[in-house]
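Here are my notes from going through the model, point by point. Have the structure open while you read.

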Amino acid sequence: MRLFPWLRRRKDKPDAYGADGVAQRQVVETTVSAGTGGVAAGGQIKGSALGAHSSVTYAEHLYMTDSEATVHWPVVVGTVPVRASAFQPRSALRRAVDDARSHGRTVVLASDSSEAAEPAPAERTPVQVMTGGGGVGKSQLAAAYARDAVRGGTDLVLWIPASETQQILTAYARAALLVRAPGRTGEDRQADARAFLDWLAATDRRWLVVLDDITDLDAVEAWWPDSQRGTGWVLATTRLKDPRLTGGGRTRVDVDVYTPTEAAAYLTTRLTDDRKPHLLDDQAPALAQALGYLPLALGHAAAYMLRENTPCTAYLKRFAERAARLDELLPRWADTERYGRQITTTLLLALDATDKDPLGPLARTALNITALLDPAGHPATLWHTNTLTAHLTQTRYLKTPHRLPGRHTALLRPVTGDDADAALRLLDRYALITCETADDQYRAVRMHALTARAVRETVPEGRGSEIAVAAADALLELWPEIDQPYPDLAATLRANTDALASHAGDLLWRPDAHLVLFRAGISLFNAGLAASGVSYWQHMTASSERFLGSEHPDTLTARGNLANSYRQAGRTGEAIAIEERVLVDSERLLGGEHPDTLTARANLANSYWQAGRTGEAIEIEERVLADSERLLGSEHPDTLTSRANLAVSYREAGRTGEAIELLEQVVADRERLLGVEHPDTLTARGNLAASYRQAGRTGEAIEIEERVLGDFERLLGVEHPDTLTARSNLAASYRQAGRTGEAIEIEERVLADFERLLGVEHPDALTVRANLGNSYWQAGRTGEAIELLERVLADFERLLGVEHPDTLTARSNLAGSYWQAGRTGEAIELLEGVLADFERLLGGKHPDTLTARSNLAGSYWQAGRTGEAIELLEQVVADRERLLGGKHPDTLTARANLTSLYQQTAAPVDKPNK
């Protein structure tokens, strides 16, 4: 049974909480001020937007009472790698770094390196970026600089693994608390990180920040530290060779292999320090040359020689003997990193030694599995999964004699996590892997990419499938069901799945696609990484069609997930085209009542909803809910999602009461079945708040939305799409409550985040821009409102079409701004067209239709067409009293407007409907 059909656990599409949802619309209604003839903004907000940045309440007293006097200097953040045995100072490389630093330039080192000097004032913060391939010593060189800085009395030293932005933010936030940076709170990691950068820029204290192993230049660009006082500097390492590394005043320093002198010094020091100088002989220079002077290769060779008591001459001889055989196994043309076969030969010699250890069978199996995973590292806890301990047990029994003398008989018991750890330590000792569980729990076990490649190519024929499946099963076992609260772990598991899929080829597609492939794609979707999700599912769909065929159920699943990713990215038309095809294929191949068919039908309804085809969405969702309740049960997660999606469509259609009734049931069920902090529970709670707002229960909506926003910020992070949605929805309720200034402040921030994260033309960005225009209008900033809303209308017409509900809403809102600016003729022209379209597409009693009719009445009144205005408003009051109730804010607004018109025309006040 496949656990992951195309996004079985979908987000509700409401006003913007769920991944399937669209952003908020607002139809603004004019309000006539009685007795003055003036007009003020008032009205109704529809739907909601997706949004994300956390607003944090700062304790102002931190700025006034904290002082650096309470900090215990020096401060060291992060774990600086220990000094490597026989570390070489590499004087020429160090001079290049120090020279660039002394001139205030940023240095980019192309490989691993390290060492330090005291910071000196400069026109710009010195930044050294060491770039290059693995194995040349860039991290060790950086670590040496960090150690020297600590010994030299530098006030603050940060060592930060920088492969992902969140690692940088976490380290900065921690440092902000330790140095008591003004503005830090301990509650908002990103805000604390910004506070720390501000502190670095202004402080007179000396500091060094090391960003080790940068993998994404775009992600780190906003987080480069700066020192306005000239007391700090930055050192970075990366494998990237990108021209952007030399931008911003940075100078790149390439780190290459050892010089012959350095290689000879390394071997001499390494063997002598371990009290085995007799292993050195006249062949040491020849050995260094044969190994290509590569630090990593020399490290392998020295470890082997020390363990096996092998002199340089004997080692070199064995090296030469293996060469002919390895030429076929590892040809030069496959050496993409241009290390040559020397390093591979060294690796295989080390494996000979580990195989002689009692833990050799376990170590060899662990090495084979590690070689399939991400070279940048995987969690050490992977080796404590039932999957891998069972696999290691099976492998060991196959390789270990049944009768072993003495202590070796203990090897016949089942393998434990401790045994696996011991095998990893054996591999670490021979420098075949790096196992540093104290440094980074998610990237603790690492292997050089070239070493991994060599290991993969030596796996016995026929064993590749069992190794690949074991690795995939272990990743799936370790993966949390809800991974959004653990973004670093989720990113690591996705990276390892990508590496495994790349190395395994078709081994994870026999007989079906392995579930971990689906789990990685769903993780991208739930993380809100729309662009990455589209790329992933495009590749998955193509692979499934190639390996399994175009009509295999897994291919339909992958294709449906691709459609969901298109919808999340705002590409609704492409999503609908795929989903209509998937539904037809599912009904034909699986039957109309198969769970995957129900999912396909529900996903198509979601896209119809996002496209503004609300009636079609409701028709499908009512059928899906009935089928889910009958086939899966009323409390099945898919049934709850179907119920929530139908409720959101009801709200979109103006059936607010029905929406509230369904959503209150969904919230109660999800709290009971999933827990109060499950993302689906938070989504349902946010949807309910949006329905309360539409029903005029603004206070209740705000109370829920403030809580939901806090939960999303804490559990998912301040930039997750669901967090952005929650923030935008709260702004909508603030605006409806008359707290316009707060709404504007939130919407300006959310808009900037959406444009940066999703692009300026994403539907969510357009919606937030429209909402901000409405808030400007309500605040009396008419010129800004018109400018923004004219742009929004043009974008909606171009991207969504002239009859999409969001387009009609944008047109109505622009007319309201024209009306406020005194451009009455233009307002009337727009509103008459909007009202006709709403009546035709949504019906005469839809809330948007009533709001458009009320706005048109206000424009008629402003144009002196008082009789027509009264006639329209009387109809609006009657409809709203019947549909919304006499105390709904929109009903009260319409009645007040009508009363004002009666007063100005000397008509009886008691004439309107009551």
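**Notes on helix packing, a histidine and a strand**

1. Start with the contact between helix 22 and helix 24: on the helix 22 side you'll find Thr599, Asn606 and Trp609, and they meet Asp638, Asn645, Val648, Ser649 and Glu652 of helix 24. Sorted by class, the residues of this contact come out as 2 nonpolar, 4 polar and 2 charged. Keep in mind that this is a predicted model.

2. Now the geometry of that pair. Helix 22 covers residues 595-610 and helix 24 covers residues 637-652; they pack at an angle of about 25°, and their axes are 11 Å apart. Angles under 35 degrees count as roughly parallel, so helix 22 and helix 24 are roughly parallel to each other. Their crossing is left-handed.

3. Next, helix 19 (residues 530-547) and helix 20 (residues 553-568). This pair packs at an angle of about 160°, with the axes 8 Å apart. An angle over 145 degrees counts as roughly antiparallel, so that is how helix 19 sits relative to helix 20. The crossing here is left-handed.

4. Who makes that contact? From helix 19 the list includes Ala530, Val534, Trp537, Met540 and Glu545, while helix 20 contributes, among them, Asp554, Ala558, Arg559, Leu562 and Tyr566. By class, the contact of helix 19 with helix 20 has 7 nonpolar, 8 polar and 3 charged residues.

5. Is histidine 378 buried or exposed? With a relative accessible area of 0%, histidine 378 is buried, because anything under 20% counts that way. You'll find histidine 378 in the loop between helix 12 (360-370) and helix 13 (386-399).

6. What is histidine 378 in contact with, leaving aside its neighbours within four places in sequence? The partners are Thr370, Leu373, Trp383, Tyr442, Arg443, Ala444, Val445, Thr492 and Asn496.

7. Over to strand 6 (residues 156-161). Of its 6 residues, 5 are buried, so strand 6 is largely enclosed by the rest of the structure.

8. Strand 6 has pairing partners worth a look. Strand 3 (residues 75-77) pairs with strand 6 in the parallel sense over 3 bridges, and valine 75 stands opposite leucine 156 in strand 6. Strand 7 (residues 207-214) also runs parallel to strand 6, and 6 bridges join the two. In that pairing, leucine 158 stands opposite valine 209 of strand 7.

Definitions and conventions
Residues numbered from 1 in each chain as written. Predicted model: local features only at pLDDT ≥ 70, side-chain atom pairs only at ≥ 80, totals over all residues. Heavy atoms only, no water. Axes fitted to C-alpha atoms, helices over the stretch in contact; angles between N-to-C directions. Helix = DSSP H or I, 4+ residues; strand = E, 2+ residues; numbered from the N terminus. Parallel < 35°, antiparallel > 145°, perpendicular 65-115°, else oblique. Left-handed = near helix turned anticlockwise from the far one by under 90°. Contact = heavy atoms within 4.5 Å. Nonpolar A, V, L, I, M, F, W, Y, C, P; charged D, E, K, R; others polar. Buried < 20%, exposed > 50% of the residue type's maximum accessible area, 1.4 Å probe, protein only. Pairing = 2+ DSSP bridges.
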